[in-house]
Amino acid sequence: MNELQPIQSKIYEIQGQRVMLDFDLAELYQVETKRLKEAVRRNIERFEGDNFMF
């Protein structure tokens with residue numbers, strides 16, 4: 001099994017955009033979804049642009 005397969009299986013295509021859901025990202029980083037969202041809010045300038053959307 002490819003080591004990227006678990007991540008690739010959590011990437012969805014919605015209206016032509018590739019996305020990962022917040023709870024899948026939280027699982028990937030081994031944190032609670034709530035904590036991931038708090039970190040994004042505190043550091044929103046790092047997530048601005050075309051590559052990220054929360």
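Q: What counts as a helix or a strand here?
A: Helices (H or I, at least four residues) and strands (E, at least two) are DSSP runs, numbered from the N terminus. In this predicted model, Tyr-12 lies in strand β1, residues 12-14. The protein chain has 3 helices and 2 strands, in the order α-β-β-α-α from the N terminus.

Q: What should I know about the numbering and the model?
A: Residues are numbered from 1 along each chain as its sequence is written. Local features need pLDDT of at least 70, side-chain atom pairs count only at pLDDT 80 or more, and totals for chains, interfaces and linings use all residues, while side-chain values use heavy atoms, with hydrogens and water left out.

Q: Is Tyr-12 buried, partly exposed or exposed?
A: Buried means under 20% relative accessible area, exposed over 50%, and partly exposed in between (1.4 Å probe, protein chains only). Tyr-12 is partly exposed because its relative accessible area is 36%. Of the 54 residues of the protein chain, 9% count as buried.

Q: Which residues does Tyr-12 touch, not counting those up to four places away in sequence?
A: Contact means heavy atoms within 4.5 Å. By that rule Tyr-12 touches Gln-17, Arg-18, Val-19, Leu-21 and Asp-24.

Q: Where is Ile-7 placed?
A: Ile-7 belongs to helix α1, residues 5-8. Ile-7 counts as partly exposed because its relative accessibility is 32%.

Q: What is the extent of the C-alpha trace along its principal axes?
A: The C-alpha trace of the protein chain spans about 35 × 25 × 15 Å along these axes.
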